[in-house]
Amino acid sequence: MRFLRLFILVLLSVLPDGSASAERRVALVLGVQNYSELRPLDNPLNDSRAMTALLEDRLGFDAVHRGDRTLAQMRRLVVEFAEEAEGADLAVLFFAGHGVEIAGRNYLLPRDAAPGTNLAATALPLDEVVVALRAAVPNLLVLLDACRDDPFALGPEATRAPDAARGAVALARAEVSPGLRLMGRSEGVVYAFAAAPGEIASDGAGENSPFTEALLRHLATDGLDVRSALLLVQQDVYDRTRGAQLPYVESGLPRPLFLAERTADLPERDRLLLAMAELSPELRAQVERAAATYDTPLAPLYAAALEGGLAALGWEARESKLGEAAAAFHTTRERLLGLESTDFRVRDLRAEAEALLERGERLGALARLEAAISIDAGAGEASLSVAVDRRISEAGTRLARAGVHTAAFAYSSALADTEFAADLYARAAALAAADGRDPPRPALDGETRTLRSLGELQLAIGDTGAALDAYQRWRIRAEARRAIAPDDPNWQRDLAVSLVHLSDVTVLRGDLAAALALQRRSLVLIEALADSDPGHVVWQRDLAIAHLRLGDLLGAMGDLSGAAEAWRRDLEISERLAAIDPDNPLRQRDLSISLSRLGNLLARQGDLAGAAEALEAAHAIVATLAAVTPDDHERQNDLAASHNRLGDLSMFAGTPAEAAAAYRTALAIRRSLAARDPTNAQSQHALALNLSRVGEALFVMGEPSAAEAFAEALAIVRRVTEQDPGNTDWQRDLAVAHGKLGDVLLARGTLSEAESEYRAATAISERLVAQDPYNTLWLRDLSISLDRTGDLHLTRGDPAAAIAAYRASLVHAEALAQQTPDNVEAVLDLVVVRYKLAQAGAEPRANLAAALNLLERLAADGRLPPAQAGWPDFVRDALAELPPG
């Protein structure tokens, strides 16, 4: 018994004080809305009344509420309240209205605050109030919903904006700053500001401001200490304003202070908000970017980040997962909003699930959907017609539930629901047929949509075989329905899209020939649709994309001529669509992409004039779009990429000074974008690539500063790659950066350092080629890296080692040239390694003859770039200098 009593005493000592209601709690609640000389506000009186009700009715405070008081009245109130509060255990000060910082001091603005030089004299200093109240009570909670927008911008008669704010921004005096300043830690005092120091807070579009709304929701949360409750408030405002407003909290309490006793476990939403605060600033910034990019509420993405363990992943993997979660959220919401049911209970449960999803309450949403499924599955089947409707309704809810699982990366559960939904749609169609009716369109559309989702889920878990099977089932259904209704354009398009997905999976499985055949079948169907209605913009754009995809496949298979033809067709359609709607930025951007794709190909084929025409036309479009929206990250990124493409063309044409100028212009844009968001690995990566381009141009020009550019690029790439070591694109860029820095070191004569860089580059390239021996970029990288190693050995005076390296390079260069025979760059690489072998003494006559043959064929075809126009004579002279024999 003694042990039991001791245990109970210990337990009580760590639990929230159950006698909280016996404490004496007092509150001074002030709201100023109808200013005499400043811009009025809409909500402070609503906010102060609501807070008074919360404090009195739910938290046991003796509250004094006053509204629209003058400075003299507010000062008198503070004195009187402090006298009455003497001996209380806890006091709360709540103020809603305008607040500013003047010369480093925070002020609350009363009704008669006067703008101009007398502002401080007509405002109430916050520290004066805190000192008075702190002298009366041991614990003080200061809640300030007072960081609202420029009180001086408009007079008292001005129209109030629907979402005005409560801080100072466009103030006339330099010493008056936006919002309120940091107070600093004060013993026994908790400060909670509606916005971060120097920021402004929304007045709200409803009856209360976002900050007060959050206080009303969370301040009385059962069993949470004040700091945890305010953390809920902070994260709730942050989530509901989509990151635009983040309250600031500073606590000087020596121990936890509980306002309400624990009566139940925290709700799911509150647990999510508390967990959000524990994530790293880098991940939070990434979530905010994803929310802005995909127009998605913050809470569902934070829930995905927490449940999916995204903190343990690399930057690129997190970016991909957040995009996947955002897509699943939107798809699921659209499904829920689009579903129909004759049963009001099912409709209501779906609506509740949709609202819960937006707040990140996945478990609550799943529970509502499970209840809706049970209603449909358990409903009696009074007739076949009712049974069909119920199966369709249940299938739709299951498909929506699969989306909820997908957003949390619970793929097994998502697959099970999706398979079940596909079966339900098929059963609904069969039941309708048994009733002598045509299958209802919702059942047919639902089944194809579900099979598509099934394939996408299988791809997400890496099962290409199962994805191929799902897409084949989709194709078979689409073909059967097209046979029944050959004039229905929707079924024809559905079949074409199923073939595109089959083609994509077939590429992943390494069968490019089969993928090409599927893409061509899809193109035939899309062409028929587009020809049937030349004015149908969606079908015309489908056709442009189909040609673009065909060109990509042909290019990957080495048929650059076929790729060029496909991309020209894409360009023709994109030009026509852009001309129809010249003010549509999407159409203009499509056109710029088509021009850029074709321009790059023409450069690789040696048609520099054609390449320049296409790339300059693309650049004009991109520059126009970027000028219209100078703060748009994507548009500025497009502009930098366009400058780089022009620089690449100049390098290919043998004018490195022009290339350096273009690269430096792009570099300035990249630096600006990277500075806006230093945690964005993608921006840092793009910056490194631009530095490398600048370094390459400077190196060709013989400029010593090339080494600095390469070294900075390498440092950035190494740092970014460490964040996501599984990213093969970044690994490739790391190899390239090592190699280019090695070139500079070799030119300087620091051979040991150059060798170290070359070895690092070769090791990475060998690992990548081992993963995919048919990747043309990786093959070329490895060939060049081995070629560089040969140069190093030759410089050292070791021709045998050089020949071994050159021959290894030759193997990969020949493989690349065979895979892409129309690729001028690959042919020139082969010429270079043949020439170097000859120079090192390895069968010089045979290698020079082979190099000359390649150059003469390029010249005869009109594909020898101007920068290499003198190469054939150079090789002929080398052949002539060989001794006879």
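Me: How many helices and strands are there in the protein?

Reply: The protein has 33 helices and 10 strands. Helices (H or I, at least four residues) and strands (E, at least two) are DSSP runs, numbered from the N terminus. This is a predicted model, in which local features need pLDDT of at least 70 and side-chain atom pairs count only at pLDDT 80 or more, while totals for chains, interfaces and linings use all residues. Residues are numbered from 1 along each chain as its sequence is written, and side-chain values use heavy atoms, with hydrogens and water left out.

Me: What box do the C-alpha atoms fill, and what share of the residues counts as buried?

Reply: Taken along the principal axes, the box is roughly 115 × 80 × 70 Å. Buried means under 20% relative accessible area, exposed means over 50%, and partly exposed is in between (1.4 Å probe, protein chains only). Of the 885 residues, 53% count as buried.

Me: How do I read a sheet?

Reply: Strands of a sheet pair through backbone hydrogen bonds, either parallel or antiparallel. Two strands count as paired if DSSP finds at least two bridges between them. Here, 6 strands form an open sheet in the order S2-S1-S3-S7-S9-S10, and the pairing is mixed. S2 and strand S10 (248–251) are at the edges with a single partner strand each, so one side of each has no neighbour in the sheet. Ignoring direction, neighbouring strands of this sheet are turned by 10 degrees against each other on average.

Me: Which strands of the sheet pair with S1, and in which sense?

Reply: Strand S3 (residues 90–96) runs parallel to S1 and is joined to S1 by 7 bridges. Leucine 28 has leucine 93 in S3 as its bridge partner. S2 also pairs with S1 in the parallel sense, over 6 bridges, and there the partner of valine 29 is histidine 65.

Me: Where does the sheet have an antiparallel pair?

Reply: Strand S9 (residues 189–193) and S10 run antiparallel, joined by 4 bridges. In this pair, valine 190 stands opposite serine 251 of S10.

Me: Are the faces of S1 covered or open?

Reply: In a regular strand the side chains alternate between the two faces of the sheet. In S1 (residues 25–31), 7 of the 7 residues are buried. One side holds Arg25, Ala27, Val29 and Gly31, the other Val26, Leu28 and Leu30, and both faces are covered.

Me: What unit do S1, helix H2 and S2 make?

Reply: S1, helix H2 (residues 44–58) and S2 make a right-handed β-α-β unit. A crossover is right-handed if, with the strands pointing away from the viewer, the path from the first strand over the helix to the second runs clockwise.

Me: How do I describe two packed helices?

Reply: Two packed helices are described by the angle between their axes and the distance between the axes. Axes are lines fitted to C-alpha atoms, for helices over the stretch in contact, and angles run from 0 to 180 degrees between N-to-C directions. The axes of helix H6 (residues 226–240) and helix H7 (residues 268–276) come within 9 Å and cross at roughly 90 degrees. H6 and H7 are therefore roughly perpendicular. Angles under 35 degrees count as roughly parallel, over 145 as roughly antiparallel, 65 to 115 as roughly perpendicular and the rest as oblique.

Me: Which residues of H6 and H7 meet?

Reply: Contact means heavy atoms within 4.5 Å. Among the residues that meet are Leu231 and Asp236 in H6, and Arg269 and Leu273 in H7. The residues of this contact divide into 6 nonpolar, 2 polar and 5 charged. Ala, Val, Leu, Ile, Met, Phe, Trp, Tyr, Cys and Pro count as nonpolar, Asp, Glu, Lys and Arg as charged, and the others, Gly among them, as polar.

Me: Is aspartate 236 buried or exposed?

Reply: Aspartate 236 is buried, with a relative accessible area of 0%. Leaving aside neighbours within four places in sequence, aspartate 236 is in contact with Ala214, Arg217, His218, Arg269 and Leu273.

Me: What is phi of aspartate 68, and where is this residue found?

Reply: Phi of aspartate 68 is near 55 degrees, a positive value in a residue other than glycine. The residue is in the loop between strand S2 (62–67) and helix H3 (71–85). Aspartate 68 is buried, at a relative accessible area of 15%.
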